[in-house]
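Hello,

Here is the structure I promised to pass on. Please open it first, then read the notes below.

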Amino acid sequence: MTTLYVSPHPDDFRSLLALLAAEYGPSSRPQIITEDPPASLNARSRPALVLAAAGDGDSLVSGATAVSWYLAFQGKRAGLDAKQQSQVWQWLSFADNELTPVSCAVVFPLMGLQQTSRAELMRVLKVLDQALAPRTYLVGESITLADMAVATAVLLPFKYVCALEPSDRKAVTNVTRWFTTCINQPQFLKVLGEIVLLSYAIVMFPLSGPPKTEAQLKKEAKKREKLEKFQQKKEMEAKKKTQPPLPDSYSPQYVEAAWYPWWEKQGFFKPEYGRKSISEENAKGIFMMCIPPPNVTGSLHLGHALTNAIQDCLTRWHRMRGETTLWNPGCDHAGIATQVVVEKKLMREKGMSRHDLGRENFIREVWKWKNEKGDRIYHQLKKLGSSLDWDRACFTMDPKLSYAVQEAFIRMHDEGVIYRSKRLVNWSCTLNSAISDIEVDKKELAGRTLLPVPGYKEKIEFGVLVSFAYKVDGSDEEVIVATTRIETMLGDTAVAVHPADARYQHLKGKMVLHPFCDRKMPIVFDDFVDMSFGTGAVKITPAHDHNDYEVGERHNLAFINILDENGLLINVPPPFLGMKRFEARKAVLQALKDRGQFKEIKDNPMVVPVCSRSKDIVEPLLKPQWYVDCRDMGKEAADAVREGRLKIIPDHHLKTWFNWLDNIKDWCISRQLWWGHRIPAYFITVNDPSVKPGEDMDGHYWVSGRSEEEAREKAAKRFNVSADKITLRQDEDVLDTWFSSGIFPFSIFGWPNENEDLQVFYPGTLLETGHDILFFWVARMVMMGLKLTGKLPFKEVYLHAVVRDAHGRKMSKSLGNVIDPLDVITGISLEGLHAQLMDSNLDPVEVERAQQGQKSDYPNGIPECGTDALRFALCAYTSQGRDINLDVNRILGYRHFCNKLWNAVKFAMKTLGDNFVPSEKLSGEESVSDRWILSRLSAAVTLCDAGFKAYDFPTITTAIYNFWLYELCDIYLESVKPVFSKAEEDSTSQRQALVCRQTLYTCLEVGLRLLSPLMPFVTEELYQRLPRRKPQSDPPSICVTSYPTTEEFCWNSEEVDRDMEFIMTIVKTIRSLRADYNLTKTRADCYLQCIDSATVSLVQKYSLQIQTLSYSQAVIPLTANQPVPEGCAVAIASDRCTVNLMLKGLIDVEKEVAKLMTKKGDLEKQMEKLREKMGKNDYKEKVPVKVQEQDAEKLRQSQIELEKVKEAMDNFRKMI
């Protein structure tokens, strides 16, 4: 095994560099030892890397540069090609020779030379700052060894501010931005821990004076500690007011590093913010939504990211509208998932099962695990920017929620809504528990397939249909049946045929003989049989098949259970008795062959139920369980929607809602687990001969209570005996996790106890979740809310789509397409993605297939996109359909959009100037460009308002994206640049520039507020840079600033929009002509021939905009009668205007004609070849249709291009 020897000192930058390189290395990281290497290795220094067994001279690499290069090269972090590798070497040399000596000199000064060293350090850092100005990282588009080396070299000055004060950091903003980005990478955090850039100096070494006493040193240390805490607090608050200049380029890590703790600390996410009490009346209303509680075992996946992006957008929008807003966080105890995780941990670390520990000790272990690991997903939610009120966070096993669960069960049991019954359940033999439908994965098989099953060394055969014969009693006839689970024939108690099937009418009242049991089985006639499938005869196993169970009920058949809880055969004759179920499968098949009753085996497409937790094959098993009678509750929930009291959005889910609730089956709520809410039900034994003993299935002998004492009193009263004659046994089972989730909207507020939160926030406003848990959670919340509180838990349900990959495939680990949102946020290499697969439970074949999938989809890994871009992309994708096909490249596109925002605000800040003061209203002197952009801003406000109200997120994202990217940046900012460049020419120009600045400020400020709910981090960063209209009274953060309203921004002008649309048509036509004639830098005169005087006036009005945006020398409007000078290229902009671009004297006409002649010849040859190919006699028969369509399209495109070439040649010849 590879071993890395490093120094234990936390500031040894050489060892830190090696550790960082190891973190970025391949999945098999070296063993880390913080001691000197053995003397036998002859290692000259630490770090040292031992690659193989000691003794081989080549097995040792020592020295920071050599070790880190080796590790980084293994992890593909030493440059992607020769050019990048040489650049990495340059930066390694820079770190070693330039940065490290001066960094050490500043932090550890000798002979009072600190000031000289500081000046030298700043000189070196400015060189680095210049190099970083246009880029995020030093080499390429992701972290390389260059970044690691330079970051560790500059670590000490940044860490100890005696060396590099805040004023110094402001002078090198690009270095600060880059350094912050690096140290917030997960790999850096793991090695370096969290590094806080303090805003004050710590004097580490006194330069003069006598040595201080121990008491003085202690006093100073205490004082320093107090100062440090005070300064940290002061720094976070001051940072928002005195920001350093905007770094030259946008870095998500830099932007997203510090805002969330500040928001949380300021209490912006609490409904109490800005008001005395939550009960205080708010005319703008209340918005309350609870989070779909993620599993305590869970880590973030894209489904969570989508859910939280949408929910946070809505929450932030309602908060900015001034409503009393609460988004309540919580976590689900995830009974099965958590128990499995802790059981595996116990076995791995202690070699013990939960049964070895006992129930109480095991539950203590689970709580210990939960307290250590259980808040991981909360940290991930914070990374996504989720504005949850963390002070109200709830865990479903908390005492408050556990009491509510107990109360709900008791009330429903006392009412008879919860009852006990023996029915078929989904049983996992590995977990020894019933599981819910949502925990059953339906694995589709095309035919014969071997699948791994826990507890079996060899894979088990599925996807085959076995046919065999039952002998008819008293005759030579036989009835052939078929099954995919041949072992279950041991539990058969009948054969069924369709009542209308003529082949079997003569067998009415007959019996068939079981070959292995002394059992005669009736032939029953039932409509459920499909006559066309197989022989039309079906074996019936009522105790082990859901359809057969119903047939057994209808025909009063025997229910013979042949499986115990561990999957071993019971109630069967030898030799099958005690066999494992899938070993019995082979034994039964062989026994049928031996008796001559086997007929055939053939491939059979089928669906195999697999337990999502244990990967075991799920068995239908008869078990006594607790059930909820859902008939009346289901009807109430359906009626609430039918009557319009509850709204489900989008409405195409209504059919599914009604179909499920109108045909609802009773809900099994028992789980044979230890972790969860133990069922508060007790089995009664009455120690009185006058009372007959009860059976487990008799509900009369079960009682529920808040305590054993209360249950005993209930039992004594029921049987009319004294309490001392009652013996109670509490049910060992726990409740289905969905039971506690079903009361989550009111249990989080302390129901059944009345309190302020419950009065104010229940019922809630909205439930937002994925449509895949419409039944498991949403319907049950509605049913239980109505049942237990008499109120609907929320007024609206918005169901978002399910995330799939770019190819429309379901996210699956075995396909390699499961994406961790944090990998999208921070970026990850292809090797990093592969390493994640190696840490999973996939078998080698699946790993290989998954790696190929990753290589195909992410050949260069996933680039760093940032939280804001991910959130924006997820919302942009959320059309009101069932699926989202997520393409990571589109997320990257939104990261570039963030960069555009960044540059726009950076440009605007320079344009506005340091002394700019925003006015509170329009001046009335706005130019046509100003009026147009304000009209477009108002249109964006209207679209966003309507979009949020309708949960139409693509409308919101499109409106904001178009406004910022196309209307503000591409058109307005470009069109007003001449206004700013001429600002100082005269007083009129100055006034015009001032008005333009006010318009620009309004667009930036309102545009950022529009975007804030979707991109909270970058908008906060940029908003804090802008001056305020009312500095004394404006809110401190954009997240509590008012959202733009249509009443406030009502400057929409259809006339201005229409005029500008016409002008942009002209601009695009000119640009197209310039591109056609390759006029990249040359300005040309442009003659615009207009159809009438009104169009001439309009063109004159916008002539400056046309000239600027089309890069024209001059814009000359002409009436229809005025002649156009010779030598112009012509294009029609619209029926009202023709563009004439003067080319004469700007280009070498004969040269251009010669080039076009060559191109014309090439096109004609291509077309001739295509026509020849398509004209062959057997073309249509032999060439695939798709290729024929491609050929036809190529010919059509070539024809269009040829016509354009001819037209251009004609235009050029006119100029000669």
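Four strands make it up, in the order S35-S34-S37-S36. The sheet is open, and its pairing is mixed. Bear in mind that this is a predicted model.

Look at the edges next. Strand S35 (1114-1118) and strand S36 (1128-1134) stand there. Each has a single partner strand, so one side of each is left without a neighbour in the sheet. From one strand to the next, the twist averages 20°.

S36 pairs with strand S37 (residues 1137-1142). The sense is antiparallel, and the pairing runs over six bridges. To find one of them, go to Val-1130: its bridge partner in S37 is Asn-1140.

Now the helices. Helix H34 covers residues 953-975, and helix H36 covers residues 987-1011. They pack at an angle of about 160°, with their axes 11 Å apart. Angles over 145 degrees count as roughly antiparallel, so H34 is roughly antiparallel to H36. The crossing of H34 past H36 is left-handed.

Which residues make the contact between H34 and H36? From H34 come Ile-960, Phe-963, Trp-964, Leu-968, Tyr-972 and Leu-973. H36 supplies Cys-996, Thr-999, Leu-1000, Cys-1003, Leu-1004, Gly-1007, Leu-1008, Leu-1010 and Leu-1011. By class, this contact of H34 with H36 holds 13 nonpolar residues and two polar ones. No charged residues take part in it.

Best wishes

How values were computed. Residues are numbered from 1 along each chain as its sequence is written. This is a predicted model: local features need pLDDT of at least 70, side-chain atom pairs count only at pLDDT 80 or more; totals for chains, interfaces and linings use all residues. Side-chain values use heavy atoms; hydrogens and water are left out. Axes are lines fitted to C-alpha atoms, for helices over the stretch in contact, and angles run from 0 to 180 degrees between N-to-C directions. Helices (H or I, at least four residues) and strands (E, at least two) are DSSP runs, numbered from the N terminus. Angles under 35 degrees count as roughly parallel, over 145 as roughly antiparallel, 65 to 115 as roughly perpendicular and the rest as oblique. A crossing is left-handed if the near helix is turned anticlockwise from the far one by less than a right angle, and right-handed if clockwise. Contact means heavy atoms within 4.5 Å. Ala, Val, Leu, Ile, Met, Phe, Trp, Tyr, Cys and Pro count as nonpolar, Asp, Glu, Lys and Arg as charged, and the others, Gly among them, as polar. Two strands pair if DSSP finds at least two bridges between them.
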